[in-house]
Amino acid sequence: MFDIPDRGAYFKLPLTHLHSLLYTPAFAKLEKPSHKSQNMIQRDNELSIRRQCELLRLNRSGLYYNAILPDATAVEFEESLMARIDHWHTRCPYLGSRKIVIKLLEDGFPVCRKTVRRLMLKMGIYAVYPKSNLSKRNFKEAIVPYLLRDYTASYPNQVWSIDITYIPMPHGHMYLTAIIDWYSRRLVGHYLSDTLDATSVIYTVKETVKKCGIPAIINSDQGSQFTSDDYKALLHSLNIRQSMDGRSRWADNIMIERWFRSLKTEQLYPNEYHSPRELRQLINTYVDDYNNIRPHEALGYKVPNDFYFGSFAA
């Protein structure tokens, strides 16, 4: 078997030996060049920079590119802008990007609608109001029907709702995934993450199932996290029926949306938090109080935990 020397020693070989080595079948089996290969380029070598890049299979433009780090002031301004957008969206969820621009201008933020729309898309939020159906829906394999129209949950763990919300931080932001039980209004599971992907959703469902059992139906919106193959495979493996809000049907998942609004207005906005750890403590405290202390009008002013566990006792 032909032994391949360290690629760092290539340019120490005579030119004729270098050419014979680099065109052997063994060299063709080398892994694709990585960023480390750029450090092997020798500007004082007898080979030209172009020839060295050809032999190492490198793009020559990469040698002259210097990554530009984001400006700290711009990042801080964008985070403060996103926090203010979240404030107005939570307070007035029916406001679209046009009206949010007006409120931000009143607050002293020099922004345009294009910026606000981009940040709202990044945050995963949109105005909640009934929209007219002006065109036929494009049915996709990943979208499943809404199963809960005129549906009444009659026992715990029959129907859960799951969703994700954006939470601003002094220097950045976090995302909270939460699951609520339709029958008892009990917050059965939640997880705080710094990424907006399917991983946190899958983790939340798994941990909640471990603690509370398997529901019959889980409802969500049509976000990419809930249409991902991994999420759908998890529900299928647990024999959970998946339900999704209709397009532009914001009221279909209103129960978890209202809980997010209560969390922010009653706990997060009135209190200060400077780290994910402090934020997590505030959320855990609110969830505990919400489930054990806070009376719920829809439950006859009982607390969710009494309604949830009382049904099992009966």
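**Entry 1: helix α5**

I began with helix α5, where Arg98, Lys99 and Glu106 are exposed on the face turned away from the buried side. I use "exposed" for over 50% relative accessible area, "buried" for under 20% and "partly exposed" for what lies in between, with a 1.4 Å probe and protein chains only. Helices are DSSP runs of H or I with at least four residues, strands are runs of E with at least two, and both are numbered from the N terminus. I noted that this is a predicted model, in which local features need pLDDT of at least 70 and side-chain atom pairs count only at pLDDT 80 or more, while totals for chains, interfaces and linings use all residues. Residues are numbered from 1 along each chain as its sequence is written, and side-chain values use heavy atoms, with hydrogens and water left out.

Which residues of α5 are buried? I found Ser97, Ile100, Val101 and Leu104. Seen down the axis of α5, these buried residues fall within an arc of 105°, so they line one face of the helix. The arc is taken from the directions that run from the helix axis to the C-beta atoms. The cover over the buried residues of α5 includes α4 and α6. After α5 comes Gly108, with a positive phi near 95°.

**Entry 2: helix α6**

I went on to α6, residues 113–123, where Val116, Leu119, Met120 and Met123 are buried. Down the axis of α6, the buried residues fall within an arc of 105°, so they line one face of this helix. Lys114 and Leu121 are exposed on the other side of α6. What do the buried residues of α6 pack against? I listed α4, α5 (97–106), β1 and β2. Contact here means heavy atoms within 4.5 Å.

I counted twelve helices and five strands in the chain. The five strands form an open sheet in the order β3-β2-β1-β4-β5, with mixed pairing. At the edges stand β3 (187–193) and β5 (241–244), each with a single partner strand, so one side of each has no neighbour in the sheet. On average, neighbouring strands of this sheet are turned by 25° against each other, direction ignored. Strands of a sheet pair through backbone hydrogen bonds, either parallel or antiparallel. For two strands to count as paired, DSSP must find at least two bridges between them.

I then took the pairs that involve β1. Strand β1 (residues 159–169) pairs with β4 (residues 217–220) in the parallel sense over three bridges. Trp160 has Ile218 as its bridge partner in β4, and Ser161 stands opposite Asn219 of that strand. β1 and β2 pair in the antiparallel sense over ten bridges, and they form a hairpin with two residues between them. In β2, Ser161 has Ile180 as its bridge partner.

**Entry 3: what covers β1**

Is β1 mostly covered or uncovered? Mostly covered: eleven of its eleven residues are buried. I checked both faces: one side has buried residues including Val159, Asp163 and Met169, and the other has buried residues including Trp160, Tyr166 and Pro168.

**Entry 4: Ser200**

I looked up Ser200 and found its place in helix α7 (residues 198–212). Ser200 counts as buried because its relative accessibility is 4%. Beyond the neighbours within four places in sequence, Ser200 is in contact with Thr177, Tyr191, Ser193 and Thr195.

**Entry 5: the whole chain**

Buried residues make up 44% of the 314 residues in the chain. Among contacts between residues at least 6 apart in sequence, 61% join residues at least 24 apart. The accessible surface comes to about 18700 Å², and 53% of it belongs to carbon and sulfur atoms. This area comes from the Shrake-Rupley method with a 1.4 Å probe; for residues, only the protein chains shown count as cover.

**Entry 6: confidence**

I ended with pLDDT, the predictor's confidence in each residue, from 0 to 100. The chain averages a pLDDT of 79, and 78% of the residues score at least 70. Where is confidence lowest, and where highest? It is lowest in helix α2 (residues 25–28), at a mean of 46, and highest in β3, at 95. I marked residues 1–5, where pLDDT stays under 50 and the model has nine contacts beyond four places in sequence. I also marked residues 131–139, where pLDDT stays under 50 and the model has five such contacts. Where pLDDT is low, the predicted coordinates should not be read in detail.

Note on methods. Axes fitted to C-alpha atoms, helices over the stretch in contact; angles between N-to-C directions.
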